[in-house]
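Welcome! Here is a short briefing for anyone meeting this structure for the first time. Take a look at the model, then follow the notes below.

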Amino acid sequence: MIGSFPFRGAALRLALLVLCLLAPQATAQEAPSPARRTAPWSEEVLRTFARLPVQDGGRVKPLDSLAGLKLLTLNGSRRLKLESGESLKALPWLLDCLFFPEQAKGYPCFRVESDAVLTAVGLEAKEKRAWYSYEELLPARAEIHHNGAAYSDIPAKDRSSLQQQTIKLGSDLLQFEELIGGFEPLRQRFAIVGWPALQALHDGRTEIGLAELLSNVEGLQRAIGELDEGDEAAQRTLRELSGGIRAAFFAGERGLAIFPPRDGAIPPGEWWTVSDLARRAFDREPGMEQALGWFSSLEELEDRKSDPGGFQAVLTPLADSIIARATALGEYRHIGLEIALNRSDPFYGALLVYLIAFLVTVFGWVAPRSKLLLGGIWGSVGIATAMAALGITLRCIIRERPPVVSLYDTVLFITATGALFLMVLELFTRIRLALSLASIFGAVGMFLAVRYELHEVTSSGDTMSSVLAVLDSNHYLLVHVVTITIGYMGGLVAALAAHVWIFGRLFGLRRGDEEFYRLLTSLVFGAVCFSLVFSFFGTLYGGKWGNVSWGRFWGWDPKENGALLICLWEALILHARIGGFIRDRGLAVMTVLGAIVITASWWGVNLLSVGLHSYGFTSGIAPYLLTLWGFELVVVGVCLGNGLYERRALAASAEAR
Amino acid sequence: MSGRRGIALAIWNFLGSMWLACVLLLLLAVLVVLGTLYQTDHGLYWAKARYFGSWLVWIDLGGVSLPVLPGGVTVMGLLAINLLVGGILRLRMGWRVAGVLISHLAVVFMLLAGVVTQYFAVEGQVALYEGEQADYFEDGEHWEVAIWEVGGSDGTERVVEQELFQDLEGSAERVFTAPSLPFNLVFSGYVPNARALPKGPNWEAAGPVVDGYGLLAVDPDPEPRRNLAGLHVRVASAGEPERPGLLWGGTRLPWTFREDGRSWAIKLRHARYPMPFAIRLDDFRMEEHPGTSMAKAYESHVTKIEGGVSEKVLIEMNEPLRAEGLALFQSQWGRDPQSGELYSVLSVWRNPSDKWPEAAMWVMLVGMLVAFGQRLSRFMRWSALVKPAGQDRGGEA
């Protein structure tokens with residue numbers, strides 16, 4: 001009980017300790033405030049909240065980002081579809097969670113992938129996949145947490161989909177409760193009617209809020225010290241006050257860390273939640289004046305939430321003050337840039353433009369001599385790639401990191417550099433093939449990026465998470481990770497071109513145009529050589545990194561082995577080709593198999609969950625990976641079968657002649 | 001050409017053939033796949049022993065062990081020979097093959113570095129609380145028995161290395177004597193991974209029970225560092241009955257006894273290697289990203305003491321201390337469960353080929369750039385011949 005006791009000031013603590021043990025759990029009353037929002041949040045309010053900084057996941061980000069990430073985690077999308085058919089963006093949804101929790105509890109913001117998850121805990125499911133509100137899930141809350149805790153003991157790689165989803169649903173419920181409870185302390189009103197000394201401190205009022213209590217902690221302390229043991233009414237008020245504060249603190253314990261710390265606060269650099277701030281004020285930490293002003297303003301915001309004009313009047317100076325403090329701490333540098341990144345959504349834009357580029361490419365196949373269409377393909381692929389590059393650059397600046405830090409980054413980077421690489425290849429070959437492939441590569445890559453973003457946010461809460469100590473080296477992140485990722489990209493571009501070779505031969509594309517196929521083969525081989533150089537250097541540079549962080553150049557760790565496997569396979573292709581053991585078809589087959597090797601190294605080894613590269617472990621993608629590998633094996637089978645057929649046909653034709 | 005010379009030439013050609021290179025690359029890829037999958041259940045140590053550091057890969061078929069694949073040592077050894085013969089010696093020297101030659105030389109050098117690491121490198125750890133210092137590091141995978149006189153004037157330790165008692169499983173025993181010791185030691189009943197527990201009715205002790213305690217043998221851990229070895233010992237001296245003792249790697253305290261009016265201590269501990277300098281941990285800091293439990297930084301502020309000269313050094317992630325052939329890395333940290341005091345664990349490596357792979361890496365990069373640069377240049381010339389530069393062939397279907 002002592003651990004959750006709200007007062008830490010020595011005298012106050014001693015005086016309240018015994019009383020607290022006897023105190024009822026929650027006797028404070030929620031302030032009489034409307035439970036539902038009556039009008040939409042104004043644009044000005046939304047703009048102001050969007051730029052408000054908040055510390056989450058080890059970094060300071062705009063509330064705009066946090067709202068999007070939270071809703072994406074729970075809902076699977078940054079836009080919430082209400083049962084009325086209306087849709088709600090992330091920030092208004094978050095503000096409803098904070099200021100109108102009763103209303104937010106009715107929003108169907110929990111995406112449940114499988115009805116079996118709910119059936120298992122005794123709830124009636126709507127459909128196979130459906131969205132539920134907190135109110136709907138509440139009856140099975142305990143059961144969900146109980147099952148989730150049991151499933152958490154199972155190693156991640158051994159969990160079934162049902163178990164994984166149950167754990168996620170439990171985690172989602174907790175996250176939602178943290179949001180709706182975050183401002184709970186601001187809503188509490190404490191009755192002090194039986195304690196005249198305390199009433200005297202607060203202008204004779206019978207009920208006060210936490211901000212007023214915090215404004216005169218010294219007086220409260222004095223009043224407790226002077227409390228007559230025989231004054232039963234005052235003693236009861238004190239007990240109720242103590243219990244109420246404790247309950248309020250508990251509710252807001254894991255809310256949003258929206259208050260920048262004062263100078264010299266411990267632990268350094270850690271921002272405060274509403275409860276943290278109040279607790280520090282009760283402890284009478286020095287230098288809390290500004291923070292108490294924020295607390296008071298926030299409480300006033302809560303009071304005025306149904307008065308748009310008054311709300312904005314309080315909000316603007318509060319936001320300005322918090323932003324000024326964050327700026328002084330040097331933690332507001334990239335907030336504007338991050339909001340711009342959120343607003344522009346360059347990756348989604350790039351996906352759309354790549355799809356347009358693909359459509360133009362298809363038209364280009366129908367009218368191959370059209371200069372206009374050619375210009376259209378160049379333009380659209382160029383614009384899409386520039387958008388992706390812009391997004392990647394903004395992420396680099398915001399994080400102050402090289403472009404590739406997480407698995408999500410690898411998808412973005414491979415897509416953008418792959419499209420760029422194919423554009424350069426087009427300049428060499430000028431047969432529109434590489435350019436066509438660039439639109440396909442870009443569209444598929446960006447589609448995967450958009451899809452994987454959800455996975456990354458669900459598993460780590462952010463796509464720009466803080467890095468572990470071992471990864472904290474921009475030099476190695478830049479040289480090793482970027483290089484090896486370019487190696488992946490080269491191999492995948494080669495594999496894509498090899499698919500064109502295989503299906504081109506199968507379906508008679510440019511039948512008889514051997515020069516086209518020779519050029520295509522050169523493109524495949526060139527991309528394999530390109531990939532080999534980067535993969536080899538990237539792998540070895542990773543060894544150099546391993547030598548300074550773990551003490552050995554090579555340790556046969558799964559991620560190292562995956563990288564080595566790419567090098568070995570591509571070296572094998574190279575030697576088999578130069579040695580004359582494989583021709584064009586063999587090259588295409590081995591390059592397609594190389595795609596399996598690359599995806600195994602890129603994604604597959606992360607599923608094994610062993611080794612020192614634990615920061616890259618992932619789960620839930622095995623079915624997609626196995627599907628891809630199965631498809632590639634079918635492609636290889638088709639290619640070999642077609643080769644056999646062509647050879648027989650050739651022999652038959654020669655015989656007939 | 002004589003028959004013998006013909007055979008030698010055939011072998012020479014075979015060893016340097018491109019065909020062999022392809023087979024070896026494929027075999028190595030297969031070993032890498034198998035070894036990677038194997039370590040998910042059996043740990044890295046056994047994966048290395050079975051696939052990467054072995055001459056042959058064996059499988060057990062109905063109790064019969066059969067070799068099914070050449071092991072990593074065999075494949076990589078043959079690959080080095082193949083590279084030397086085919087990729088270097090048999091190459092027709094000239095500018096056209098300069099890049100290939102350089103790349104192949106770099107790979108051979110890298111494989112050589114691997115051999116040196118495999119057979120000559122020593123790895124260990126030193127764990128220090130703030131204020132503690134050590135001039136040795138411990139090998140977490142090997143054990144030794146140390147004997148010393150408690151309060152003895154010379155402080156000399158006698159050490160028995162693991163190789164001398166690791167075969168003493170079951171009832172086998174071996175006597176150890178030393179002129180400076182007034183007793184003999186009889187070792188027996190070595191258990192690679194054990195728990196020393198009060199003997200109960202529900203389990204069989206491995207070896208005799210001593211003072212109510214026995215060794216419970218448990219399956220060796222896939223990660224050998226987590227094993228806690230056990231060993232039985234008897235002190236034998238003329239005219240005295242033998243005194244049995246139990247040594248266990250999981251306890252920090254030695255077993256002590258009196259002999260010849262003096263007190264002696266004997267302890268089973270991880271093998272120790274001396275360092276040419278001492279390291280004192282002055283301060284250890286562990287920082288987390290604010291509001292999370294994710295490590296942001298580990299820092300060991302140490303003093304390196306050598307020949308009366310002290311030097312302050314900071315060891316942190318990605319910033320090791322390299323001195324006198326040793327490299328000390330920030331590895332782990334922990335907290336004493338009783339006192340809550342933090343300690344820092346530094347990994348220590350002594351590897352004669354420490355920097356060789358890095359040198360090979362740069363050489364290889366140069367070689368590959370030259371080789372592929374030449375190839376690209378040839379392709380561009382060919383491409384220019386095939387079509388006039390800048391011509392769009394889009395309509396030539």
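Across the interface of chain A and chain B, 9 residue pairs are in polar contact, both partners having pLDDT 80 or more. Keep in mind that this is a predicted model.

**Where the two chains meet**

- Three helices of chain A each give two or more residues to the side that touches chain B: H21 (407-429), H24 (514-549) and H25 (558-578).
- The largest share of that side of chain A comes from H24(A), with 17 residues.
- Sorted by class, the side of chain A that touches chain B holds 36 nonpolar, 15 polar and 12 charged residues.
- In total, the contact draws 63 residues from chain A and 61 residues from chain B.
- The size of an interface is often given as the accessible area lost when the parts come together.
- For chain A and chain B, the buried area is about 5500 Å², and 71% of it lies on carbon and sulfur atoms.
- Phe428(A), Arg430(A) and Trp556(A) supply 12% of the area that chain A buries against chain B, which is more than any other three residues.
- How many salt bridges cross the interface of chain A and chain B? The rule finds 1.
- A salt bridge joins the side chains of Lys544(A) and Glu358(B), with 3.0 Å from N to O.

- Over all chains, the count comes to 59 salt bridges.
- One of them pairs Arg343(A) with Asp64(A), whose closest N and O atoms are 3.0 Å apart.
- Arg343(A) sits in helix H18 (residues 335-344) and Asp64(A) in helix H3 (residues 63-75), so this pair ties together parts of chain A that are 279 residues apart in sequence.
- Another salt bridge brings together the side chains of Glu218(A) and Arg284(A), at 3.5 Å from N to O.
- Here Glu218(A) belongs to helix H13 (residues 217-225), while Arg284(A) is in the loop between helix H15 (274-282) and helix H16 (289-303), 66 residues apart.
- Glu218(A) is partly exposed at 46% relative accessibility, and Arg284(A) is partly exposed at 43%.
- Arg585(A) and Glu646(A) also meet in a salt bridge, with 3.0 Å from N to O.
- Arg585(A) is buried, with a relative accessible area of 18%, whereas Glu646(A) is partly exposed at 29%.

**A network of charges**

- Salt bridges also link five residues of chain A into a network: Asp56(A), Arg59(A), Lys61(A), Glu338(A) and Asp462(A).

Technical notes. Residues are numbered from 1 along each chain as its sequence is written. Chains are lettered from A and ligands numbered from 1 in the order in which they are written. This is a predicted model: local features need pLDDT of at least 70, side-chain atom pairs count only at pLDDT 80 or more; totals for chains, interfaces and linings use all residues. Side-chain values use heavy atoms; hydrogens and water are left out. Contact means heavy atoms within 4.5 Å. Buried area is the accessible area (1.4 Å probe) that two parts lose on being put together, summed over both. A salt bridge is a side-chain nitrogen of Lys or Arg within 4 Å of a carboxyl oxygen of Asp or Glu. A polar contact is a pair of N or O atoms within 3.5 Å; within protein, one must be able to donate a hydrogen and the other to accept it, and residues adjacent in sequence count only if both atoms are side-chain atoms. Helices (H or I, at least four residues) and strands (E, at least two) are DSSP runs, numbered from the N terminus. Ala, Val, Leu, Ile, Met, Phe, Trp, Tyr, Cys and Pro count as nonpolar, Asp, Glu, Lys and Arg as charged, and the others, Gly among them, as polar. Buried means under 20% relative accessible area, exposed over 50%, partly exposed in between (1.4 Å probe, protein chains only).
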